[in-house]
Amino acid sequence: MNFDYSDTSIALQEKLKEFMEIHVLPIEKEVELFHKNPENSWKRWPGLESLKQKAKDAGLRNVFLPGSYGALSAGLSNLEYAPLAEIMGRVLWSSEIFNCNAPDTGNMEVLAKYGTP
Amino acid sequence: MNGDIRSAFLMTEPEVASSDATNIETAIVSDGNDYVINGRKWWASGAMDPNCKIAIVMGKTDFDAPRHVQQSMILVPMDTPGLKIERGLSVFGYTDSPEGHAEIILNNVRVPKTNLLLGEGRGFEIAQGRLGPGRIHHCMRLIGMAQRALEIMSERTVQRKPFGRTLDTYSSVRQDIARSACEIQQARLLVLSAAYKMDKVGNKEAKDLIAMIKIVTPQMALKVIDRAIQILGGKGVGSDTPLAHFFAAARVLRLADGPDEVHMSQLGKSTINKYIQASNV
Ligand SMILES: Cc1cc2nc3c(=O)[nH]c(=O)nc-3n(C[C@H](O)[C@H](O)[C@H](O)COP(=O)(O)OP(=O)(O)OC[C@H]3O[C@@H](n4cnc5c(N)ncnc54)[C@H](O)[C@@H]3O)c2cc1C
């Protein structure tokens, strides 16, 4: 067994950490407060879409899909993806920015595997 | 896949013990070119989100078939007539807005036959494939939470000074931090070994390791987050740090995707089988 992270994974980890530092941690509280306000129940935080676009531009979207899903995926193995999920786990609401949130990841896998696009 | 829409997974039902998926009683009945679905679901994560457009629903297409081929999975657009969101549920008071967790009624919900995934009776097969990678993701996120909790409590130890000296000089505090560091790294390596095995030989062969991480990681995270809360004192249970919400989120994962006991039952059985087979030869 060799758990050394590949160069691809290390490069993405660096990129993701930087993204979290610059774009996510400074607004972590603000987003929590938005969602805590009962007036905003079941509303999406307005800044999310632009954050998602930023993540896409940085090449940090859909990194969870294993390589076997072809063009849709970033081609990472589970071992390469694991440390990225760890970094996202540090902020509860962050994985959606990268399209890596439950339950959608599981559902998307099902659809990529059994669905017809 | 573009992340423009969101989805929900509707398996669990309020009326039956859903940790045993063979109990699921939502009916998916064939009618001409359609299926008609009736049942009640709850804990459908993500379903409250206004962007949630599609649900994967698990139900029975054949109540008389052998137990593991009664179930099927079918795609249901959230705006299909007859699908009604009854309410949003909360977890220790957290609604997890905007995704939320919904209770949903399916009343004569009609969808075309082509919405059925893979084929009638193959719901179990899909469910098993679905949950492997999802568990790695949940577990790694839990490790991220525990790691951050460790960092938060470590920082705090040098800032607080009860009874004349800072917390970092107390041996009980050092032990809490040392144990947390050990347990996080143990869980991390276990998850990485499960990920490695999934990559090398596939989800099915890795199932024992996947069960192990699902059992070990939420409990580890809860323990570490609990220590962090204790070291932070009142601040730990308030909303100025992420710890309280982490605790709620980690507690859920001893239930969601199957309660600990179900994974232990499967792992226990598989382990016993391995050794009785070995001793027979
Ligand atoms: C926040 C949250 C999000 C969720 N998201 C989803 C979702 O998106 N989609 C979805 O379909 N479901 C979801 N769930 C539901 C979750 O998967 C179920 O709650 C879980 O499977 C248990 O089913 P149950 O609640 O019916 O408990 P039951 O089946 O009634 O079980 C109750 C308890 O019985 C015990 N038990 C069960 N089996 C055994 C055994 N073999 N040995 C000993 N004890 C046993 C366990 O302690 C278990 O907790 C979510 C749950 C929560 C809390």
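**A salt-bridge network and its surroundings**

Tutor: Chain B has six helices and eight strands. The model is predicted. Read from the N terminus, the order in chain B is β-β-β-β-β-β-β-β-α-α-α-α-α-α. The C-alpha trace of chain B spans about 80 × 55 × 35 Å along its principal axes. Of the 281 residues in chain B, 51% are buried. Take the contacts in chain B between residues at least 6 apart in sequence: 70% of them join residues at least 24 apart.

Now the charges. Over all chains, the structure holds 24 salt bridges. Some of the residues form a network: A:Arg44, A:Glu49, A:Lys52, A:Glu96, B:Arg6, B:Asp49 and B:Glu99 are linked by salt bridges.

Start in chain A. A:Lys52 and A:Glu96 meet through their side chains in a salt bridge, 4.0 Å from N to O. A:Lys52 sits in helix 3 (residues 48-57) of chain A, while A:Glu96 sits in the loop between helix 4 (78-89) and helix 5 (104-114) of chain A. The two are 44 residues apart, so this bridge links distant parts of the chain. Both A:Lys52 and A:Glu96 are buried.

Go on to chain B. The side chains of B:Arg6 and B:Asp49 form a salt bridge of 3.4 Å, N to O. B:Arg6 belongs to strand 1 (residues 6-10) of chain B, and B:Asp49 to the loop between strand 3 (34-45) and strand 4 (52-60) of chain B, so the bridge ties together parts 43 residues apart in sequence. B:Arg6 and B:Asp49 are both buried.

The side chains of B:Glu99 and B:Arg6 meet in a salt bridge, with 3.4 Å between N and O. B:Glu99 is in the loop between strand 6 (83-89) and strand 7 (101-112) of chain B, whereas B:Arg6 is in strand 1 of chain B. That pair is 93 residues apart and also links distant parts of the chain. How exposed are its two ends? B:Arg6 has a relative accessibility of 3%, under the 20% limit, so B:Arg6 counts as buried. B:Glu99 has a relative accessible area of 22%, between 20% and 50%, so B:Glu99 counts as partly exposed.

The peptide bond from B:Ser97 to B:Pro98 is cis, with omega near 5°. B:Ser97 also touches chain A: leaving aside neighbours within four places in sequence, A:Asn40 is in contact with A:Phe34 and B:Ser97. A:Asn40 lies in the loop between helix 2 (28-36) and helix 3 of chain A. With a relative accessible area of 13%, A:Asn40 is buried.

A:Trp42 occupies the loop between helix 2 and helix 3 of chain A. The phi of A:Trp42 is positive, about 60°, although A:Trp42 is not a glycine. A:Trp42 is partly exposed at 24% relative accessibility. B:Leu118 has a positive phi too, near 65°, and is a residue other than glycine. B:Leu118 is located in the loop between strand 8 (116-117) and helix 1 (123-157) of chain B. Its relative accessible area is 31%, and B:Leu118 is partly exposed.

The chains also meet helix to helix. Helix 4 of chain A packs with helix 2 (residues 171-201) of chain B at an angle of about 145°, the axes being 8 Å apart. Helix 4 of chain A contributes A:Asn78, A:Leu79, A:Ala82 and A:Glu86, which meet B:Arg188, B:Leu192, B:Ala195, B:Tyr196, B:Met198 and B:Asp199 of helix 2 of chain B. By type, the residues of this contact are six nonpolar, one polar and three charged.

Last, the ligand. Around the ligand are 18 residues, and B:Phe9, B:Thr12, B:Ser19, B:Trp43 and B:Ser45 come nearest. An N or O atom in the side chain of B:Ser19 is 2.5 Å from an oxygen atom of the ligand. For B:Thr12, a side-chain N or O atom is 2.6 Å from a nitrogen atom of the ligand. B:Met11 uses its backbone: an N or O atom there lies 2.9 Å from a ligand oxygen atom.

Notes
Residues are numbered from 1 along each chain as its sequence is written. Chains are lettered from A and ligands numbered from 1 in the order in which they are written. Side-chain values use heavy atoms; hydrogens and water are left out. Helices (H or I, at least four residues) and strands (E, at least two) are DSSP runs, numbered from the N terminus. Buried means under 20% relative accessible area, exposed over 50%, partly exposed in between (1.4 Å probe, protein chains only). Axes are lines fitted to C-alpha atoms, for helices over the stretch in contact, and angles run from 0 to 180 degrees between N-to-C directions. Contact means heavy atoms within 4.5 Å. Ala, Val, Leu, Ile, Met, Phe, Trp, Tyr, Cys and Pro count as nonpolar, Asp, Glu, Lys and Arg as charged, and the others, Gly among them, as polar. A residue is near a molecule or strand if one of its heavy atoms lies within 4 Å of it. A polar contact is a pair of N or O atoms within 3.5 Å; within protein, one must be able to donate a hydrogen and the other to accept it, and residues adjacent in sequence count only if both atoms are side-chain atoms.
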